[in-house]
Amino acid sequence: MANQSKNVEAFVDKIAQRNPYETEFIQAVREVAETIVPFIEDHPKYKESNVLERICEPERVVMFRVPWVNDQGTIEVNRGYRVQMNSAIGPYKGGLRFHPSVNLSILKFLAFEQVFKNSLTTLPLGGGKGGSDFNPKGKSDGEVMRFCQSFMTELARHIGGFTDIPAGDIGVGAREIGFMYGQYKKIKNEFTGVLTGKGLQFGGSLIRTEATGYGVVYFSKEMLETRGDSLEGKICAVSGSGNVAQYTIEKLIELGAKPVTVSDSGGCIYDKDGIDTEKLELIKKIKNEQRGRISEYADQIKGAEFHKGVTPWNIKVDLAYPCATQNELPEEDAKTLIDNGCMGVFEGANMPTTDGALHLIKENKLLFSPGKASNAGGVATSGLEMSQNSQRLYWTRDEVDYRLKMIMKSIHENCVEYGRIDDNYIDYVKGANIAGFVKVADAMIAQGVV
Ligand SMILES: NC(=O)C1=CN([C@@H]2O[C@H](COP(=O)(O)OP(=O)(O)OC[C@H]3O[C@@H](n4cnc5c(N)ncnc54)[C@H](OP(=O)(O)O)[C@@H]3O)[C@@H](O)[C@H]2O)C=CC1
Ligand SMILES: O=C(O)CCC(=O)C(=O)O
């Protein structure tokens with residue numbers, strides 16, 4: 001045991017030395033190393049091929065200038081990135097994030113997670129991630145369009161339907177994907193499925209918008225069933241109020257649970273009566289159409305409270321779904337959730353749980369799913385969008401939803417296979433890491449030292 005943790009520390013130290021100051025990336029590597037380093041010790045072929053260290057180094061990182069003109073006629077400059085992390089099992093695939101906090105460390109952690117996640121989907125997808133420190137908040141549609149066009153003017157050189165297929169993430173939704181697709185098409189003079197999350201009129205797939213949130217709930221349902229339990233009547237805390245949060249709430253309502261919170265970077269809404277379908281429509285209107293603040297919900301819904309500057313984790317709930325951003329659930333909040341009798345934490349966001357919180361949750365044997373497993377429904381449905389584009393076909397809503405459900409079920413089975421500790425506990429972090437790793441590592445070994 002002591003030897004194992006020494007090996008983990010030695011591995012993480014090496015990566016940290018090569019990537020100084022990349023806090024989030026090192027956090028993501030550590031989380032993987034804690035389960036993969038001991039696994040490698042028992043499987044020498046992975047050690048001899050030094051495959052984990054190779055997976056930690058991006059195949060390529062592109063950084064570029066994104067100049068654009070604001071509504072006042074002033075020229076602004078942002079920085080654009082694409083991290084092409086791993087293409088062993090398929091073309092690079094992963095979202096683009098537009099948020100002022102974006103930096104190389106954040107995009108490398110996201111790209112690294114994406115490699116394991118995409119492997120878990122059962123589809124032939126490599127891993128990548130990109131974005132910019134551009135802040136779409138408060139910008140006009142014209143400004144967002146000019147930014148997206150400038151961003152794509154450079155990005156177009158590095159992507160392609162068989163090379164790298166970006167999609168949305170924080171700050172990148174249907175509007176931004178539309179603008180970027182238009183620019184790509186203009187530059188390349190071709191109509192290809194080079195982005196996913198496209199509008200339904202130009203190659204998008206039904207259910208892609210809903211897929212990440214729906215998938216998280218399908219996955220949590222599978223997990224509850226391992227304990228003979230269900231979602232029926234469960235009080236749920238959901239954080240965020242963007243794409244993932246909205247469709248997590250939608251599916252929770254449909255399956256009989258009672259979501260009572262939503263949030264944004266301004267604070268948290270607590271609606272003790274529960275968020276129903278009608279109230280969810282209001283959230284969608286505030287966030288997707290008016291691009292407003294979640295505090296406006298409390299102005300319109302009787303009995304709902306807005307708590308400025310706080311997260312939803314101090315509310316007494318049965319289940320927690322962090323769906324906003326990385327490290328939004330720290331150790332002290334995990335303790336509050338546990339003290340309040342919470343039974344499970346299911347990550348909708350990427351790495352929303354800090355390292356300390358994760359260990360506490362596992363020690364207390366709560367159900368816990370890492371984002372790379374439970375939020376994989378989004379990228380999986382992007383994979384289904386790519387399949388439809390290649391076939392020049394559109395599948396029905398039911399067909400895509402059925403495939404999504406089957407994929408989430410299969411990811412769950414894989415996590416159980418590699419993560420079962422004993423009759424009473426499944427470590428889904430271990431399960432997801434090993435299942436994701438084995439497929440990529442075997443492909444890399446078969447392809448030689450590349
Ligand atoms: N979209 C997808 O298909 C997938 C997304 N994910 C992950 O899910 C998470 C949410 O993404 P998505 O819903 O698409 O993004 P959106 O941009 O649609 O929504 C993001 C939400 O998170 C909130 N948020 C962002 N930063 C913070 C912060 N520092 N503190 C509190 N709240 C914050 C935003 O609030 P505000 O409006 O105030 O900024 C907003 O409510 C991300 O971690 C993303 O990587 C994972 C898999 C697929
Ligand atoms: O749909 C995709 O390609 C990417 C989704 C994504 O960025 C993610 O899974 O974090």
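Start by selecting Leu-96: its bridge partner in E4 is Gly-130. What you have open is a predicted model, where local features need pLDDT of at least 70, side-chain atom pairs count only at pLDDT 80 or more, and totals for chains, interfaces and linings use all residues. Residues are numbered from 1 along each chain as its sequence is written, while chains are lettered from A and ligands numbered from 1 in the order in which they are written.

**The sheet**

Now show E3 and strand E4 (residues 127–132), which pair in the parallel sense over three bridges. Strands here are DSSP runs of E with at least two residues, helices are runs of H or I with at least four, and both are numbered from the N terminus. Two strands count as paired if DSSP finds at least two bridges between them.

Zoom out and you get an open sheet of five strands in the order E1-E2-E4-E3-E5, with mixed pairing. Colour strand E1 (60–69) and strand E5 (164–167) next: they stand at the edges with a single partner strand each, so one side of each has no neighbour in the sheet.

**Cys-415**

Jump to helix H16 (residues 397–419) and pick Cys-415. Cys-415 counts as buried because it has 30 C-beta neighbours inside 10 Å; the cut-off for buried is 20 or more other C-beta atoms within 10 Å, with C-beta atoms placed from the backbone. Beyond its neighbours within four places in sequence, Cys-415 is in contact with Ala-373, Tyr-428, Gly-431, Ala-432 and Ala-435, contact meaning C-beta atoms, placed from the backbone, within 7 Å. Draw a distance to Ala-373, 42 residues away along the chain: the C-alpha atoms are separated by 8.0 Å.

**Ile-55**

Last stop: Ile-55, in helix H4 (residues 51–55). Is Ile-55 buried or exposed? Buried, because it has 23 C-beta neighbours inside 10 Å. Not counting residues up to four places away in sequence, Ile-55 touches Asn-86, Val-115 and Val-440. Ile-55 and Val-440 are 385 residues apart in sequence, yet 8.7 Å apart in space, C-alpha to C-alpha.

Notes: A residue is buried if 20 or more other C-beta atoms lie within 10 Å of its own, exposed if 12 or fewer, and partly exposed in between; C-beta atoms are placed from the backbone. Two residues are in contact if their C-beta atoms, placed from the backbone, lie within 7 Å.
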